[in-house]
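This report describes the arrangement of strands, helices and ligand-lining residues in one structure. Please consult the sequence and the model shown below.

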Amino acid sequence: MITPIQNINLHKNKKIQPQTKIQNTKTFETKSLNLNNLPSFKYQVSFGINDENSIKKYLEERSAKLERQGLEHHKLTKKDLDNIEGIQKGIKIFENLSMRQINLIAETLKEIPAQRGCYNMCVHCYAQAMPPSYQKAENKINKISFEDFENLYKGFKELNNRLGFNIFQSQDDGYCTLFHDSDSSIIYLEDKNGQTYDYIDLSKMVNEITGLPVLFDTAGWNIKDKKTQTRMEELVEKAINSDNCDFLKFNISANPFHSLYSRSLKHYNENNVEKEEKFRNIYTTRMANVLFTLSPLLEKYDINFIARALPNDMDDVNGYRENDLIDLYNEIFAKLTKMYKDDFESGNKKVIKNKEQIGKYLLDYQSKLKEITTFLGVSGRLTNIVKDKKNEVYQNSKIREFNNSRYAAKHFENGIIDINGKYYLTNWHESYKTDIQLNYENKDKQTADINPNLRRKKINKNMLN
Ligand code: SF4
């Protein structure tokens with residue numbers, strides 16, 4: 001019998017956490033600088049005031065100075081960046097970018113979306129995701145090409161080699177994702193020869209160049225979508241059998257904002273009990289299937305929940321409050337328990353190999369459900385739910401909108417490389433274009449807007465200097 005979830009901490013986080021914050025698992029070696037082994041690099045003078053030897057000498061002296069100070073690494077200063085300007089020359093992906101611009105990417109990068117668009121259509125989605133098909137049109141792409149992804153990887157790998165250290169090392173508690181407005185379950189790439197790269201393959205590449213942990217967040221997939229179901233089962237098996245996937249952090253997002261549950265609430269408000277139950281049932285079954293499918297990961301990895309809801313004391317938001325979410329979790333866990341039992345008793349044993357595993361997995365999952373976050377960005381679709389502009393959630397979100405690109409240039413700490421190479425800065429409440437664009441083969445293609453609240457004002461090079 002499943003224990004009902006009652007003691008969950010209804011904690012009101014004061015800091016927005018679009019993704020779970022996790023420990024950095026840097027793997028890049030930063031200590032053993034051997035500048036004599038640096039590959040030689042050819043550059044044409046452009047920003048270029050420094051020649052190859054002067055850059056090497058500068059890096060050597062900088063490294064010796066840090067060692068004398070007992071420091072393993074230090075943020076690259078403007079002086080450093082000016083003195084190594086030119087080191088990036090010849091690296092295709094960085095064509096026309098200065099070291100100050102490249103370093104801004106390294107200091108702020110949080111998202112390298114491989115796919116744009118999502119089927120979940122959550123009401124609270126700060127990225128205001130629309131389905132992938134909606135994001136694609138003539139001259140408009142909804143997926144990064146594998147070749148661009150690979151060139152990004154190779155470009156930073158080469159730059160790190162030339163520097164002798166990982167340029168992302170200033171992100172002490174950073175993370176990276178392969179999504180912006182997408183669910184990890186639908187993310188994979190194919191190269192021009194038809195070879196497929198799954199989430200693990202792509203995350204490995206990101207971790208190798210950044211040293212940062214890579215998040216895998218899912219809010220679920222359609223239970224009838226056999227391709228995604230198979231992809232997820234294969235991914236779980238691969239992660240379980242891999243010795244080196246610790247850089248992946250798995251998060252399951254279950255909340256009352258999913259479009260299916262939101263539809264159920266709409267029918268509730270229209271007194272249509274049959275449809276209310278139908279959509280609620282589809283949602284809780286879908287999430288039970290997600291937990292069931294990912295269960296084997298509990299043997300080896302830390303899976304966390306992203307549990308968000310509106311505060312219990314907020315008016316006029318029936319169905320979206322913390323207690324409503326607890327009811328949803330109880331329903332999901334009851335269905336999960338049945339799935340475990342059926343799996344074991346039917347002899348299928350796809351996930352449950354012995355009876356004890358049922359209790360263990362349920363406890364493991366429940367122990368992760370410690371708090372519900374009520375601190376949400378109120379933008380896009382959520383403004384249709386949170387209508388009272390005086391309430392705390394709305395106010396907390398709005399005071400983080402500045403509509404000031406100069407301010408954003410100095411203070412926004414989260415960067416996104418769109419699938420056409422354009423770089424954006426955001427604080428997860430509002431977003432700005434910058435004049436930085438990586439030299440992607442798809443650099444001339446259009447993409448969907450990067451949200452939340454994409455401002456018309458652009459952050460330019462002068463604001464960054
Ligand atoms: S799953 Fe994530 S990206 Fe997709 S709609 Fe929901 S919040 Fe947005």
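How are helix 9 and helix 10 oriented relative to each other, roughly parallel or roughly antiparallel? In this predicted model, helix 9 (residues 322–345) packs against helix 10 (residues 355–368) at an angle of about 160°. Angles over 145 degrees count as roughly antiparallel, and the two helices are therefore roughly antiparallel to each other.

**Helix packing**

Two packed helices are described by the angle between their axes and the distance between the axes.

| Helix pair | Angle | Axis distance |
|---|---|---|
| Helix 7 (residues 259–269) and helix 8 (residues 273–294) | about 165° | 8 Å |
| Helix 8 and helix 9 | roughly 55° | within 8 Å |
| Helix 9 (residues 322–345) and helix 10 (residues 355–368) | about 160° | 10 Å |

The angle of about 165° makes helix 7 roughly antiparallel to helix 8. Helix 7 passes helix 8 in a left-handed crossing. On the helix 7 side the contact is formed by Leu 260, Tyr 261, Arg 263, Ser 264, His 267 and Tyr 268, which meet Lys 275, Glu 276, Phe 279, Arg 280, Ile 282 and Tyr 283 of helix 8. Sorted by class, this contact contains six nonpolar, two polar and four charged residues.

The axes of helix 8 and helix 9 cross at roughly 55°, which makes helix 8 oblique to helix 9. The crossing of this pair is right-handed. Helix 8 contributes Thr 284, Thr 285, Met 287, Ala 288, Leu 291 and Phe 292, while helix 9 contributes Leu 328, Glu 331, Ile 332, Lys 335, Leu 336 and Met 339. Eight nonpolar, two polar and two charged residues make up the contact of helix 8 with helix 9.

Helix 9 also passes helix 10 in a right-handed crossing. Here Phe 333, Thr 337, Tyr 340, Lys 341 and Phe 344 of helix 9 meet Lys 355, Ile 358, Tyr 361 and Leu 362 of helix 10. The contact of helix 9 with helix 10 comprises six nonpolar, one polar and two charged residues.

Nine strands form an open sheet with mixed pairing, in the order 7-6-5-2-1-8-9-10-11. Its edges are strand 7 (303–306) and strand 11 (454–459), each of which pairs on one side only. From one strand to the next, the twist averages 30°. Helix 5 (residues 199–210) packs on this sheet and touches strand 1, strand 2 (176–179), strand 5 (214–218) and strand 6 (248–253). The direction of helix 5 makes about 145° with that of strand 2.

Within the sheet, strand 1 (residues 109–115) and strand 8 (residues 414–417) pair in the parallel sense over two bridges. Leu 109 has Gly 415 in strand 8 as its bridge partner.

**Ligand surroundings and backbone details**

Which residues surround the ligand? They are Cys 118, Asn 120, Met 121, Cys 122, Cys 125, Ala 127, Ala 129, Asp 181, Ser 182, Asp 183 and Ala 219. By class, this shell has seven nonpolar, two polar and two charged residues.

Met 121, one of the residues around the ligand, has a positive phi of about 50° although it is not a glycine. Met 121 is located in the loop between strand 1 and helix 4 (146–163).

A further backbone feature is the cis peptide bond from Asn 451 to Pro 452, with omega near 15°. Pro 452 is placed in the loop between strand 10 (431–437) and strand 11.

Definitions and conventions:
Residues numbered from 1 in each chain as written. Predicted model: local features only at pLDDT ≥ 70, side-chain atom pairs only at ≥ 80, totals over all residues. Pairing = 2+ DSSP bridges. Helix = DSSP H or I, 4+ residues; strand = E, 2+ residues; numbered from the N terminus. Axes fitted to C-alpha atoms, helices over the stretch in contact; angles between N-to-C directions. Contact = placed C-beta atoms within 7 Å. Near = placed C-beta within 6 Å. Nonpolar A, V, L, I, M, F, W, Y, C, P; charged D, E, K, R; others polar. Parallel < 35°, antiparallel > 145°, perpendicular 65-115°, else oblique. Left-handed = near helix turned anticlockwise from the far one by under 90°.
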